[in-house]
Amino acid sequence: NSEVACGGNARGGVKKRAEASSSAKMRILKRSCSEQEKALVELGDHLSKSKVKAEELRHNVDATKDNKWVADNETTNCLQCKKTFSVSRRRHHCRNCGGIFCHQCSDNTMPLPSSSRPLRVCDNCADLLLQRSSGIK
């Protein structure tokens, strides 16, 4: 009879240890699942930001793809103020739109996707680029 009782207790102890082990495994799985859900949320946020950035880059490319680099001999006047170029009023190309402007109308430098350093841009492009970078449409 004591053997039966002893065997019963041993089986009960094994059962409790199995339940405890199962419970510990369940906690580990829940924690792992929670961590994976957090990682997925972070990846989703990162993907959304990347999509927005890609769309902005696409928009920038679309906005400048029709721009034509104006040859020096194609114009004798600043495209903005219309002043005539001379020895003292030099031509400057806007690196964004390709137009030719005097120094006064192109005295801006802005970062452009095409270069690692800021480049000369005309007043109109500077305003446009500032609006885009600040999110103003």
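This is a predicted model: local features need pLDDT of at least 70, side-chain atom pairs count only at pLDDT 80 or more; totals for chains, interfaces and linings use all residues.
View 1. A disulfide requires the two sulfur atoms to be within 2.5 Å. A search of the whole structure finds zero disulfides. C102 is likewise in no disulfide, and the nearest cysteine sulfur, in C105, is 3.6 Å from its own. C81 is partly exposed, because its relative accessibility is 29%. C102, with a relative accessible area of 2%, is buried.

**View 2. The largest nonpolar core, which has 16 residues.** The members that touch the most others are C78, C94, F101 and V121. Two or more residues come from each of strand 2 (100–101), strand 4 (119–121) and helix 2 (123–134). Helix 2 gives the most, with three residues.

**View 3. Surroundings of F101.** Leaving aside residues up to four places away in sequence, F101 touches C78, L79, Q80, F85, R90, R91, H92, C94, S106 and C122. Of these, C78 and C94 are, with F101 itself, among the core residues that touch the most other members.

View 4. Two helices and four strands make up the secondary structure, in the order α-β-β-β-β-α along the sequence. Of the 137 residues, 17% count as buried. Among contacts between residues at least 6 apart in sequence, 33% join residues at least 24 apart. The protein exposes about 10,800 Å², of which carbon and sulfur atoms supply 54%.

Technical notes. Residues are numbered from 1 along each chain as its sequence is written. Side-chain values use heavy atoms; hydrogens and water are left out. Buried means under 20% relative accessible area, exposed over 50%, partly exposed in between (1.4 Å probe, protein chains only). A nonpolar core is a set of buried Ala, Val, Leu, Ile, Met, Phe, Trp, Tyr and Cys residues joined through side-chain atoms within 4.5 Å. Contact means heavy atoms within 4.5 Å. Accessible areas come from the Shrake-Rupley method with a 1.4 Å probe; for residues, only the protein chains shown count as cover.
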